[in-house]
Amino acid sequence: MKNIAVIGTGYVGLVSGAGISDFGHYVTCVDIIDSKITLLKKGQIPIYEPELKELVNRNVRAGRLNFTTKIEKTIKNSDVIFIAVGTPEGENGLADISAVEDVARTIGKNLSDYKVICTKSTVPIGTGEKICKIIDDAMLKPIKYDYVSNPEFLREGSAVNDFLRPDRVIIGVNSYKAFDIMKKVYSPLFINETPILHTNVATAEMIKYASNAFLALKISYVNEIANLCEEVGADIHQVTKAMGQDGRISKKFLHPGPGYGGSCFPKDTNAIASLSIEKSVKMHTVLAAIKTNNKQKLRMINKLDSLINGFNQKNIAILGLAFKPNTDDVRESASIDMIDGIIKGGGHVMAYDPIANDSMKKYFSNITYFDSWEDACSDVDAVVIMTEWNEFRAMDLKKLKSIMKSPFILDTRNILSISLLKKLNFKYDNVGRT
Ligand code: UDX
């Protein structure tokens with residue numbers, strides 16, 4: 001079993017650290033934020049992620065997982081060091097890797113013997129070389145190490161499952177010794193025959209961006225097809241069902257909606273597009289996907305505007321604030337654009353999300369938040385579904401109609417039954433199904 005350090009206890013670091021300890025290794029998760037480590041030591045989890053608390057507590061109890069702010073000591077005691085700090089979008093759309101660079105410097109200064117240094121954070125292609133240079137410059141005396149790029153493919157809301165049961169593991173490293181060590185880190189997966197791909201560093205970095213940009217492209221494409229369906233009287237669900245039956249296309253990531261959000265797709269598409277421009281091989285497809293996504297978010301506002309004939313002085317319930325279900329993350333969520341549009345149009349927002357109300361308060365403190373959909377929808381002029389939480393799928397539409405002032409509903413996730421909406425005389429709109 002290996003001694004592993006995971007630096008950064010954000011979303012990626014915490015899930016990875018807990019997951020690796022579940023594989024049987026001894027993991028120390030490090031963060032510079034004292035309050036986070038204190039919370040984690042008490043068995044509390046600073047983010048909402050299904051199954052994470054159980055995973056963390058199980059491994060803490062087994063003595064395989066612990067938390068500290070002492071980075072120097074942890075580096076010295078580890079065989080493998082994972083860098084999993086944040087890389088937010090910086091200026092010009094490129095990722096801001098200053099936190100990764102700081103960690104690399106600290107690792108360099110504290111390197112005492114051979115170690116594998118592995119980046120999990122999503123970093124621009126070419127960052128591997130920069131990190132190695134920083135480590136080399138910071139070292140007090142020359143020490144051998146290997147640098148690995150091991151990108152994560154975790155989806156918020158199902159990150160634990162994605163970590164423990166991945167489709168593939170990418171290990172980008174120019175050394176067989178380090179590849180073998182990394183294979184041991186992931187040995188339960190290796191035994192289960194999960195594909196473990198050995199590439200060079202730049203290829204591993206590219207796989208991450210190429211995958212996310214492709215999925216974003218797929219969503220923007222299907223959103224445009226949905227918009228066209230509306231004009232020609234076609235049904236997007238039947239279209240995507242048939243498309244998905246073609247193995248070359250696959251049925252996944254073919255759901256139309258209000259435009260993708262989250263911490264990855266918007267940031268990663270901007271990063272790869274900016275890189276392509278910098279390298280003079282402009283990616284027109286990715287740039288188009290970004291533009292389409294921004295337009296899709298605006299299209300939802302215009303749909304609502306047309307449905308209810310303007311926002312002025314109207315009370316509008318927004319059901320769902322998170323960028324997708326099972327997370328409290330609202331970053332780049334289409335709900336932000338929707339709320340903004342309603343406020344600019346003179347309307348009032350009644351917001352409800354099963355868990356993301358508090359996250360949205362950081363963006364909008366001046367709208368009204370409720371603790372149930374019934375309260376949010378009471379006496380409103382319209383309801384907009386922005387996130388496909390199960391509790392909205394299961395809403396009693398008869399009851400909904402009875403508590404609303406006017407029966408207008410925009411379903412941007414296509415989760416409500418059209419036949420029932422029709423039967424109950426709702427005035428409704430959706431994406432690609434009218
Ligand atoms: C994504 C990638 O899936 C994951 O592999 C990567 O490591 C991180 O980025 P995440 O952002 O957590 O994960 O969520 P994901 O499930 O991919 O959804 C992203 C956005 O696309 C959401 O806003 C979602 O609503 C939207 N989406 C997704 C669609 O609109 N239609 C779809 O068919 C799928």
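**The ligand shell and a helix pair**

Mentor: The shell around the ligand has nine nonpolar, three polar and six charged residues. This is a predicted model: local features need pLDDT of at least 70, side-chain atom pairs need 80 or more, and totals for chains, interfaces and linings use all residues. Numbering starts from 1 along each chain as its sequence is written, and side-chain values use heavy atoms, without hydrogens or water.

Trainee: What makes a residue count as charged or nonpolar in this shell?

Mentor: Its type. Asp, Glu, Lys and Arg are charged; Ala, Val, Leu, Ile, Met, Phe, Trp, Tyr, Cys and Pro are nonpolar; the others, Gly among them, are polar.

Trainee: Which side chain has an N or O atom 2.9 Å from a ligand oxygen?

Mentor: That of Lys324. The protein covers 93% of the 660 Å² of accessible area that the ligand has on its own (Shrake-Rupley method, 1.4 Å probe).

Trainee: Why are helix 10 and helix 13 called oblique to each other?

Mentor: Their angle is about 45°, with axes 9 Å apart. Angles under 35 degrees are roughly parallel, over 145 roughly antiparallel, 65 to 115 roughly perpendicular, and the rest oblique. Helix 10 and helix 13 are therefore oblique.

Trainee: Which helix gives the most to the ligand shell?

Mentor: Helix 10 (residues 201-232), with three residues. Helices here are DSSP runs (H or I, at least four residues).

Definitions and conventions: A polar contact is a pair of N or O atoms within 3.5 Å; within protein, one must be able to donate a hydrogen and the other to accept it, and residues adjacent in sequence count only if both atoms are side-chain atoms. Helices (H or I, at least four residues) and strands (E, at least two) are DSSP runs, numbered from the N terminus. Axes are lines fitted to C-alpha atoms, for helices over the stretch in contact, and angles run from 0 to 180 degrees between N-to-C directions.
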